[in-house]
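Take a look at the sequence and the structure below. Then use this briefing to find your way around.

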Amino acid sequence: MAPSPSDALKRAAAEAAVDEVKSGMIVGLGTGSTAAFAIEALARKARNGLDIRAVATSERSAAQARAEGITLIDMDGLAAIDLAIDGVDEIDARLRAIKGAGGAMLREKIVAAAARRMIAVADVSKAVDRLGQRPVPVEVLPLAQGYVAAAIRALGGDPALRAGTRTDQGNVILDCRFAALDDPAALADRLAAIPGALGHGLFVTEIDALYLATPGGIVVRA
Ligand code: 5RP
């Protein structure tokens, strides 16, 4: 079957970003369909002699990396990684993003924060003038979900439990709609401060560059 136009763009963005990976690097592997193209491209380079090790942001990405022969290492002994490549659900001109439609935002945030350079990869449909069309996912300790939902309502959000979903850490996800996402940095801080909210998908400072695939070619924003 021919790839969809959006898959072709996702692949193009992912492959362009993977060109930044150099031998000796520890690479953070993102989660989602665009990140999967990056893992595929990285595996191809590794088979051709690129010497890298990787940490994965989800069990899904770890399984893909393992199957494709990428050497995985544990994150727990690392203070920093060299380069992370990951998808986004929405991203604005200041490289602020919403992530976590795939439910991996807690580990994705840790890997992005630990990365000396974090590259977002996306097709043009993910670029927005203003964040907030999509809900902000929040990973929540199951016993705290009632309390966290109330705290999010107090911030002006409308939390909805992602039905039938547990994260790789065994937690639940609240997808939180906000009528106006005027100050993403302030909201990110407030969400991070709620006891029982373990992580959220608002990325306001972590992303260093965006490889955006458009029908006219790759646009790099930094
Ligand atoms: C997973 C994510 C993904 O990176 C995000 O949802 C984008 O996915 P895709 O590349 O499939 O559109 O944040 O938690």
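This is a predicted model: local features need pLDDT of at least 70, side-chain atom pairs count only at pLDDT 80 or more; totals for chains, interfaces and linings use all residues.

**Helices α1 and α2**

- Two packed helices are described by the angle between their axes and the distance between the axes.
- Helix α1 spans residues 5–18, and its axis comes within 8 Å of the axis of α2.
- The two axes cross at roughly 45°.
- That angle makes α1 oblique to α2.
- The crossing of α1 and α2 is right-handed.
- On the α1 side, the contact is made by K10, R11, A13, A14, E15, A17 and V18.
- On the α2 side, the contact is made by S33, T34, F37, A38, A41, L42 and K45.
- By class, this contact of α1 with α2 has 8 nonpolar, 4 charged and 2 polar residues.

**Helices α2 and α3**

- Helix α3 covers residues 59–67, and its axis comes within 10 Å of the axis of α2.
- Here the axes cross at roughly 25°.
- Angles under 35 degrees count as roughly parallel, and α2 and α3 are therefore roughly parallel to each other.
- The crossing of α2 and α3 is right-handed.
- From α2, the contact uses A35, A36 and I39.
- From α3, the contact uses S61, Q64 and A65.
- The contact of α2 with α3 has 4 nonpolar residues, 2 polar residues and no charged residues.

**Helix α4**

- α4 is mostly covered, with 7 of its 10 residues buried.
- The buried residues are M105, L106, R107, E108, K109, V111 and A112.
- One of them, M105, is also in contact with G201.

- G201 sits in the loop between β10 (197–200) and β11 (202–203).
- G201 counts as buried, because 30 C-beta neighbours lie inside 10 Å.
- Leaving aside neighbours within four places in sequence, G201 is in contact with I98, K99, G100, M105, V136 and P137.
- G201 and Q145 are 56 residues apart along the chain, and their C-alpha atoms are separated by 17 Å.
- L95 sits in the loop between β4 (90–91) and β5 (97–98).
- L95 is partly exposed, because 19 other C-beta atoms lie within 10 Å.
- The phi angle of L95 is near 60°, a positive value in a residue other than glycine.
- A163 lies in the loop between β8 (157–161) and β9 (172–178).
- A163 counts as exposed, because it has 7 C-beta neighbours inside 10 Å.
- A163 and L174 are 11 residues apart along the chain, and their C-alpha atoms are separated by 9.2 Å.

Methods. Residues are numbered from 1 along each chain as its sequence is written. Axes are lines fitted to C-alpha atoms, for helices over the stretch in contact, and angles run from 0 to 180 degrees between N-to-C directions. Helices (H or I, at least four residues) and strands (E, at least two) are DSSP runs, numbered from the N terminus. Angles under 35 degrees count as roughly parallel, over 145 as roughly antiparallel, 65 to 115 as roughly perpendicular and the rest as oblique. A crossing is left-handed if the near helix is turned anticlockwise from the far one by less than a right angle, and right-handed if clockwise. Two residues are in contact if their C-beta atoms, placed from the backbone, lie within 7 Å. Ala, Val, Leu, Ile, Met, Phe, Trp, Tyr, Cys and Pro count as nonpolar, Asp, Glu, Lys and Arg as charged, and the others, Gly among them, as polar. A residue is buried if 20 or more other C-beta atoms lie within 10 Å of its own, exposed if 12 or fewer, and partly exposed in between; C-beta atoms are placed from the backbone.
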